[in-house]
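Colleague: Please take me through the contact between the chains, and then the salt bridges.

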Amino acid sequence: MNSKTLFYIVKRLLLALLTVFVVVTVTFWATQAIPGGPFNTEKALDESVIDALKKQFGLDKPLFVQYLIYLGKAVTWDFGVSLKVRGVYVLDQIGSRLPASLLTGLSAAAIAIILGLVLGSTAALKHNKKADRVIMILSTASVAMPSFVIASLLSWLFYDVFKVTGTGAIVWILPIITISLSPMCYITRLTRSATLDVLGADYIRTANAKGVSKQKVLFKHALRNSITPVITYAGPMIAYIITGSIVVEQIFGINGLGRMFVNSITQRDYPTIMGTTIFLTYLMVIMVLISDILYKVVNPRVELE
Amino acid sequence: MKLGDRNPLSFQVDYSRNLFQLAETKEKQAETLTRPASTFLRDGLRRFRRNKVAVVFSIIMLVIIAAIIIIPFIYPYDYATMLGIGRWGTDTSYFNLAPFQYGETEKARMANGEFIWPHIFGTDAHGRDYFIRVICGARISLLVGVFAAVVVLIIGTIYGSISGLKGGKTDLVMMRIVDVIYSLPDMVIIILLSVILNEALSTAQGGLIGSLGTNLISIFIVFALLYWVGMARLVRGQILSIKQQEFILASRSMGASNAFIIRRHLIPNCVSVIVVSACLQIPSAIFTESYLSFLGLGVAKPMPSLGSLASEGRDALTTYPWLMLLPAFFICLIVLSLNLIGDGLRDAFDPKQK
């Protein structure tokens with residue numbers, strides 16, 4: 001690793017920290033804009049009780065001091081206690097919900113990447129033939145459906161038409177399919193156009209001319225180059241799948257982060273809302289960072305700015 | 001020395017001989033343009049017309065747009081009127097009617113020979129005519145999409161072109177801001193902001209905000225805050241790459257002013273990219289709106305959007321499947337059409353990007 005690469009990584013890290021800082025700032029000041037305080041109840045509380053409560057939660061300090069304290073807490077991942085679930089730390093709550101999201105998210109991402117690469121390169125190899133057409137039509141059509149529609153239709157098909165019953169692994173299949181569908185289609189299209197570009201290059205013609213087998217040309221020469229756009233897409237995609245499958249988690253009743261986020265929003269549980277937002281931002285930023293660095297590793301020609 | 005009386009080995013042209021002839025009119029006109037030069041727009045449109053899929057879906061889209069503009073004015077039912085509820089009480093026979101079915105009192109009136117306009121898509125759980133709800137829903141969804149696209153177009157283009165034209169430190173700072181916004185988990189931030197904006201705006205009743213609903217306003221604000229970064233990056237990249245090309249240098253060396261270069265070279269070369277990207281922005285905004293509707297953060301009731309109709313219909317999927325399938329079908333149709341039109345436009349106006 002030369003100094004240039006190191007400089008690049010440091011720069012990206014700083015940018016990542018800046019992003020987290022922005023999110024913390026926005027969430028803090030945005031929640032301040034909400035009318036009404038946390039101790040507004042139907043029964044009017046005694047002034048002295050409210051003062052005592054404010055003192056206990058540090059709300060008697062000036063806003064800016066509160067903001068600085070919150071910034072410090074965000075760095076150390078101390079998101080405080082949930083307002084609605086009594087006596088539970090937000091971080092513990094996140095920890096208990098994360099595995100479900102990771103399981104669905106990562107398996108969906110794996111499926112999306114593998115199938116997307118296979119379908120995309122197949123379509124490119126069979127360019128303008130039937131297989132290409134079918135793959136392109138399907139991938140264009142399924143991007144046009146919102147995931148809650150896909151989820152509802154799939155569960156209707158599965159549970160009401162085919163009468164599938166059972167617990168265990170089967171419960172996870174539908175959400176994973178639903179989540180993976182749209183990134184898979186996107187990766188398919190990315191791979192297809194990248195592979196088509198690469199297959200037209202001179203060095204592929206040379207490889208073909210000297211009698212390298214078709215498989216070897218595809219896997220050894222073409223795929224390595226056509227995979228680079230997929231990598232730049234994959235990092236944010238994984239983070240997006242984990243953070244953005246809110247709707248699917250809601251429909252299939254998966255106890256993941258997304259569902260927790262929505263619940264905390266409907267319950268107006270601000271510490272949880274802020275904590276989850278900041279945690280998800282960390283996740284997103286880290287994934288983007290990894291994919292940026294990986295991109296450079298796979299494709300050494302990339303100039304680092 | 002007389003002309004013509006010269007050294008035969010000289011390279012000088014001997015003008016004394018009759019070397020030149022008068023050109024004929026036909027020859028004179030060989031260089032004139034007989035047809036008007038094909039403009040960029042006309043070229044692109046010709047290529048677009050050759051793309052069968054894009055043309056078909058453009059026609060579908062035009063029909064949908066015409067329908068959502070005209071039908072609410074001429075259709076006999078209203079999207080908010082609950083047909084089964086009136087001064088006489090509640091008539092449950094109007095709830096969840098299947099397509100082309102009628103309520104009890106309507107049947108009685110029809111028996112008297114009166115003409116009752118059919119409920120083409122049936123009615124919903126509150127006895128409201130579903131066809132007009134779907135049409136109005138499509139109206140709202142498209143409105144959200146178009147508005148988002150316009151906002152993104154304006155902010156993104158201005159931001160991107162300032163960044164690209166200024167260059168240097170300004171560019172650096174502006175692009176870092178874009179980078180930060182770009183790596184936000186957008187769905188989470190959107191939900192967070194729309195919840196907070198809802199709470200903050202809900203105190204402001206009446207007026208424009210009251211009539212549109214706080215949710216819709218917050219959706220618009222969120223789009224304006226977050227969605228422009230992609231466009232800004234695109235415009236900046238385009239401007240940077242054009243700025244370095246030789247024809248700009250040539251134009252500059254011929255004394256063209258900055259304003260002229262921007263007007264004559266930069267804008268025409270960016271327009272296609274901007275328009276295509278804005279066109280592809282509409283479906284993405286429609287999607288976001290439908291997710292927010294699903295989470296209960298969409299447009300205010302009883303105003304429908306396709307997303308809120310589909311997510312309401314989801315509860316009755318097994319008993320009254322059309323309540324979800326119809327709006328879902330229209331979302332798919334609109335999003336698919338816009339995607340394909342956008343792709344077609346890109347292929348037609350920006351062949352390099354294909």
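The questions and answers below concern a predicted model.

Colleague: How much area do chain A and chain B bury between them?
Modeller: The contact takes 45 residues from chain A and 38 residues from chain B. Carbon and sulfur atoms account for 80% of the buried area. The area that chain A and chain B bury between them is about 3,500 Å².

Colleague: Which element gives the most to the side of chain A that touches chain B?
Modeller: By class, that side of chain A has 31 nonpolar, ten polar and four charged residues. Elements that give two or more residues to it include α5 (130-143), α6 (147-161) and α13 (270-298) of chain A. The element that gives the most, with ten residues, is α1(A).

Colleague: Is A:R192, which pairs with A:D132, buried or exposed?
Modeller: A:R192 and A:D132 form a salt bridge, with the closest N and O atoms 2.8 Å apart. The pair links distant parts of the chain, helix α7 and helix α5 of chain A, 60 residues apart. A:D132 is buried, and A:R192 is likewise buried.

Notes: Residues numbered from 1 in each chain as written. Chains lettered and ligands numbered in written order. Predicted model: local features only at pLDDT ≥ 70, side-chain atom pairs only at ≥ 80, totals over all residues. Heavy atoms only, no water. Contact = heavy atoms within 4.5 Å. Buried area = accessible area lost by both parts, 1.4 Å probe. Helix = DSSP H or I, 4+ residues; strand = E, 2+ residues; numbered from the N terminus. Nonpolar A, V, L, I, M, F, W, Y, C, P; charged D, E, K, R; others polar. Salt bridge = Lys/Arg side-chain N within 4 Å of Asp/Glu carboxyl O. Buried < 20%, exposed > 50% of the residue type's maximum accessible area, 1.4 Å probe, protein only.
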